[in-house]
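This report describes the metal sites and the nonpolar core of one model. The sequence and structure come first.

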Amino acid sequence: MKVTYLGHASLGIEANGKHIIVDPFISANELAKHINIDSLKADYILLTHAHQDHVLDVEAIAEKTEAIIVCNAEMSYYYGNKGFNVVGMNTGGKAEFDEIMIKSTIAFHSSSFSDGTYGGNPNGYILEANGKRIYIAGDTSLTYEMKLIPETIGQLDLAIFPVGDHFTMGFEDACLASDFVQCNRVLGYHFDTFPPIKIDHEKAKAFFKSKGKELILLEIGNSLAI
Ligand code: NI
Ligand code: MN
């Protein structure tokens, strides 16, 4: 699996030759000006919740690529009614997409579209392909439910946590979250995009290091091989 950081909480994931775009908010992100959404490949668009900073570019990418939008039930009605290809899931459920297993997990946050339409409950996702497993927490606080992940799914190869604070957990809670999911390799996201979520990278990385863990903060456009 290959994980590319597309800025904010947007990720590009390659597995089994398929491309999954997670929570695309790129065209309005000043920090991601060098990423052209028209150049993105997508077989699937995976959405954690309906907030604008996660869904802004969904329709443009889906129109161009005809990708299948995978999300919760309420968001699948929203996009389905607009004529997009959708697969609705719900918390705790798993499904296979081209031999990529996707499991919907609990996230503590809120979810509505920018026009006020109800967006259902927010989620995170576990992705499993070729014997590798990553956890994308989505926008969430630290929650004890995370302890269920290693118990029910097994060992993770990478945990992706929000670290920007203010709207989600900050890096200190993300560090504890990595204990809960028993994965010491963490990719941080949902930071720096807006003034309230600007973080001191070195301080955040040093905090993880002091607990024997690794916090990876990728430059936008850079990738990690899992
Ligand atoms: Ni949000
Ligand atoms: Mn957000």
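Donors are N, O and S atoms within 2.8 Å of the metal (3.2 Å for Na, K and Ca); water is not among the atoms, so sites may look incomplete. The model is predicted: local features need pLDDT of at least 70 and side-chain atom pairs pLDDT 80 or more, whereas totals for chains, interfaces and linings use all residues. Residues are numbered from 1 along each chain as its sequence is written, chains are lettered from A and ligands numbered from 1 in the order in which they are written, and side-chain values use heavy atoms, without hydrogens and water.

**Metal sites**

The manganese ion (ligand 2) and the nickel ion (ligand 1) lie 3.1 Å apart, with Asp 139 coordinating both.

| Ion | Donors | Distances | Spacing |
|---|---|---|---|
| nickel ion (ligand 1) | His 49 (NE2), His 51 (ND1), His 109 (NE2), Asp 139 (OD) | 2.2 to 2.4 Å | H-x1-H-x57-H-x29-D |
| manganese ion (ligand 2) | Asp 53 (OD), His 54 (NE2), Asp 139 (OD), His 190 (NE2) | 2.1 to 2.2 Å | D-H-x84-D-x50-H |

Helices (H or I, at least four residues) and strands (E, at least two) are DSSP runs, numbered from the N terminus.

The angles among the 4 donor atoms of the nickel ion (ligand 1) run from 87 to 179 degrees, and its site is irregular.

Buried here means under 20% relative accessible area, with a 1.4 Å probe and protein chains only. By that criterion His 49 is buried at 0%, Asp 139 at 1% and His 190 at 0%.

**Nonpolar core**

The largest nonpolar core has 79 residues, and Tyr 79, Ile 134 and Phe 161 have the most contacts inside it. Helix α5 (residues 171-180) supplies the largest share of this core, 5 residues. Such a core is a set of buried Ala, Val, Leu, Ile, Met, Phe, Trp, Tyr and Cys residues joined through side-chain atoms within 4.5 Å.

Definitions and conventions:
Tetrahedral: all angles 85-135°; square planar, octahedral: opposite > 155°, others 65-115°. Buried < 20%, exposed > 50% of the residue type's maximum accessible area, 1.4 Å probe, protein only.
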